[in-house]
Amino acid sequence: CSNRLAIYRRPKLRQTITDNFPSRLSRLTHTKRPPKFPGRFKLPPLPAPAQNMVFTVHGDPPMSWLVPSFPRELAFVALGGGFPESPAYAAKAAEMMAARSGPFYVMMQAEGDNQKIWPAAQEVLGRYGITFNPEDCVKYRAAVGRNDHPYQLCPVQPPRTGSK
């Protein structure tokens, strides 16, 4: 008899857990970005985040830890960061650009030698027909605890389509 009671109670317990689980799972799977990172950031003024896009161009140091601090509508695409960039990946990046009016930006580290950082970024972006002028880059503060990790954001010129 106690055996039946245990069998009977387990499904109820599982049902209770699974009844709540889909709503929790739904919140997790529909969240595009994790909660804001507990650091200090200076964010750039973005004219229209739903129309803007930011490219990151290096995987070391990683830049993705900054993404949750930006507006949710802002699109990010990692280029040259170690993720395999197949023709389908490049096509998706181009599709995302085409769906937004801009302006577009590149986000890079601001620690270190810009004379090395900027050419490396130009090389990665150049594979996609994207360019930027280093003179237009603006440095912003970002820190985790006592560790400063500034970044720079530069407006980019997307690839030209068609001929005029």
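Mentor: Start with Leu-125. Leaving aside neighbours within four places in sequence, Leu-125 is in contact with Phe-55, Val-57, Leu-79, Val-106, Ile-130, Phe-132 and Val-156. Contact here means heavy atoms within 4.5 Å. Before going further, some ground rules. This is a predicted model, in which local features need pLDDT of at least 70, side-chain atom pairs count only at pLDDT 80 or more, and totals for chains, interfaces and linings use all residues. Residues are numbered from 1 along each chain as its sequence is written, and side-chain values use heavy atoms, with hydrogens and water left out.

Now the core around Leu-125. The largest nonpolar core has 22 residues. Such a core is a set of buried Ala, Val, Leu, Ile, Met, Phe, Trp, Tyr and Cys residues joined through side-chain atoms within 4.5 Å. Buried means under 20% relative accessible area, exposed means over 50%, and partly exposed lies in between (1.4 Å probe, protein chains only). Phe-55, Val-106, Met-108, Leu-125, Phe-132 and Val-156 have the most contacts inside this core. At least two core residues each come from E2, E3, helix H2 (87–98), strand E4 (104–109), helix H3 (114–126) and E9. H3 gives the largest share, 5 residues. Helices (H or I, at least four residues) and strands (E, at least two) are DSSP runs, numbered from the N terminus. In soluble globular proteins, nonpolar side chains tend to be buried together.

Asn-52 sits in the loop between strand E1 (40–41) and E2. Asn-52 is at 0% relative accessibility, so it counts as buried. Not counting residues up to four places away in sequence, Asn-52 touches Leu-46, Pro-47, Leu-74, Ala-75, Arg-100, Gly-102, Pro-103, Phe-104 and Tyr-105.

Next, the aromatic rings. The structure holds 3 aromatic pairs. Phe-70 and Tyr-151 have ring centres 6.1 Å apart and planes at 70°, so this pair is edge-to-face. Rings of Phe, Tyr and Trp (its six-membered ring) pair if their centres lie within 6.5 Å; planes under 30 degrees apart count as stacked, over 60 as edge-to-face and the rest as tilted. Phe-70 lies in the loop between strand E2 (53–56) and strand E3 (75–78), and Tyr-151 in strand E9, so the pair ties together parts 81 residues apart in sequence. Both Phe-70 and Tyr-151 are buried. Tyr-151 has a relative accessible area of 0%. Tyr-151 also pairs with Tyr-140: the ring centres are 5.5 Å apart and the planes are at 25°, so this pair is stacked. Tyr-140 in strand E6 and Tyr-151 in strand E9 are 11 residues apart, and their pair links distant parts of the chain. Tyr-140 is buried at 12% relative accessibility. Ring pairs join Phe-70, Phe-76, Tyr-140 and Tyr-151 into a cluster.

Cys-137 and Cys-154 form a disulfide, with their sulfur atoms 2.0 Å apart. The rule is a pair of cysteine sulfur atoms within 2.5 Å, and by it the count is 1 disulfide. The link of Cys-137 and Cys-154 is right-handed, with 110° about the S-S bond. Cys-137 lies in the loop between strand E5 (131–132) and strand E6 (138–140), and Cys-154 in strand E9 (residues 151–157), so the pair ties together parts 17 residues apart in sequence. Cys-137 is buried at a relative accessible area of 16%, and Cys-154 is buried at 0%.

Ala-143 has a relative accessible area of 0%. The C-alpha atoms of Ala-143 and Arg-40 are separated by 5.1 Å, although the two residues are 103 apart along the chain.

Now set this in the whole chain. The chain has 3 helices and 9 strands. Of its 164 residues, 30% are buried. Contacts between residues 24 or more positions apart account for 69% of those with a separation of 6 or more.

Finally, confidence. Mean pLDDT (the predictor's confidence in each residue, from 0 to 100) is 78 for the chain, and 73% of residues reach 70 or more. Over residues 1–32 the pLDDT is below 50, and this stretch has 2 contacts in the model beyond near neighbours in sequence. Where pLDDT is low, the predicted coordinates should not be read in detail.
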